[in-house]
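Colleague: I have a model open and want to learn how to read it. Can we go through it feature by feature?

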Amino acid sequence: MLIGRHPSAMTADRHPPQVSVRPCEFGLGLFAVRPFAEGEEILEFSGPELSFEAMLAKGELEANTLQIDDSLYLDLGAPGVYANHSCLPNAGVRNDRQLVALRSIRAGEEIRYDYSTTMWENHWTMPCRCGQVNCRRVVADFPTLPSQLQRRYLHLQVVQRFIVERLRQQVRPR
Ligand SMILES: [Zn+2]
C-alpha cells in the first residue's frame, strides 16, 4: 500500500511468477508479468490476522493491512501488500482475499484496486493522487462512495463480505 512499506518483505523468491514488485509513481507497486483475462485471479492476499486494536498498534504501518471483517485485518505480506489504490482500478478483491482482474490487464501494467471496497471502519482515510479523471481525492469507507459506484462494485462482487452484510442489515425491513 502507499505508505510504510517493508523493504525487508521484498524477497523475490516469495513472489508468484505472474506479478512483480517495481518502482512506480508512489514508491513501489504491483505489476503484471503476464497478461490477465477479465475475472482471472491475480493473487491471494495473505498474512497473519490482526484485531482492530492490534492493527492500530502498528501505527503508520496500519496502511499495510486489509480489512476482512468488522474488527479483523490481514497483516499483508509480499507481494499483495504492494498493490496500490486507484479510483479507476483494473482489479478488485473477491471473497475477501482474492485479487482478480476487473478487465483484461496487459503484461507490464500496474495492478491496482479501490481500497474503499475493503474499508468500513470509521477510522482511516488516505489522500488520493491516483491521477484518474474520477479521482475522489480521498480514500474512505465504502459508504462514502457515490451510490452508483457502490452498485457497480457490488455487481462486480468485489466488495468485502462484511460490508455486503452490513449494507443488507441496513436495508432490512423491521
Ligand atoms: Zn484517486
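Colleague: Which residue takes a positive phi in the hairpin of β8 and β9?

Modeller: Asn95 does, with a phi near 55°. Three residues lie between the two strands of that hairpin. Keep in mind that this is a predicted model.

Colleague: How do β8 and β9 run, and how many bridges join them?

Modeller: They run antiparallel. Four bridges join β8, residues 91-94, to β9, residues 98-101. Val93 stands opposite Leu99 in β9.

Colleague: What about side chains along a strand?

Modeller: In a regular strand, side chains alternate between the two faces of the sheet.

Colleague: Which strand does β5 pair with, and how many residues are in the hairpin that joins them?

Modeller: β5 pairs with β6, residues 72-75, through four bridges, and the two run antiparallel. The hairpin passes through two residues. Asp69 has Leu72 in β6 as its bridge partner.

Colleague: Why is β5 described as largely enclosed?

Modeller: Count its buried residues. Four of the five residues of β5 are buried, so the rest of the structure largely encloses this strand.

Colleague: Now a helix. Which residues of α3 are buried?

Modeller: α3 spans residues 161-171, and its buried residues include Phe162, Ile163 and Leu167. They cover an arc of only 140° around the axis, so they sit on the same side of α3.

Colleague: What covers the buried residues of α3?

Modeller: The cover includes β5 (65-69) and α2 (147-156).

Colleague: Next, the metal. Which protein atoms are the donors of the zinc ion?

Modeller: Look for the donor atoms first. Here they are the SG atoms of Cys87, Cys128, Cys130 and Cys135, at 2.3 to 2.4 Å from the zinc ion. Along the chain, the donors follow the spacing C-x40-C-x1-C-x4-C. Of these cysteines, Cys130 and Cys135 are both buried.

Colleague: Why is the arrangement around the zinc ion called tetrahedral?

Modeller: Start from the ideal. Four tetrahedral donors have ideal angles of 109.5 degrees. In this model, the four donor atoms subtend angles of 105 to 116° around the zinc ion, which makes the arrangement tetrahedral.

Colleague: Now zoom out. What is in the whole chain?

Modeller: Three helices and 12 strands. Of the 174 residues, 51% are buried. Then ask how far apart in sequence the contacting residues are. Among contacts with a separation of 6 or more, 62% are between residues 24 or more positions apart.

Note on methods:
Residues numbered from 1 in each chain as written. Predicted model: local features only at pLDDT ≥ 70, side-chain atom pairs only at ≥ 80, totals over all residues. Heavy atoms only, no water. Buried < 20%, exposed > 50% of the residue type's maximum accessible area, 1.4 Å probe, protein only. Contact = heavy atoms within 4.5 Å. Donors = N, O, S within 2.8 Å, 3.2 Å for Na, K, Ca; no water. Tetrahedral: all angles 85-135°; square planar, octahedral: opposite > 155°, others 65-115°. Pairing = 2+ DSSP bridges. Arc of directions from axis to C-beta.
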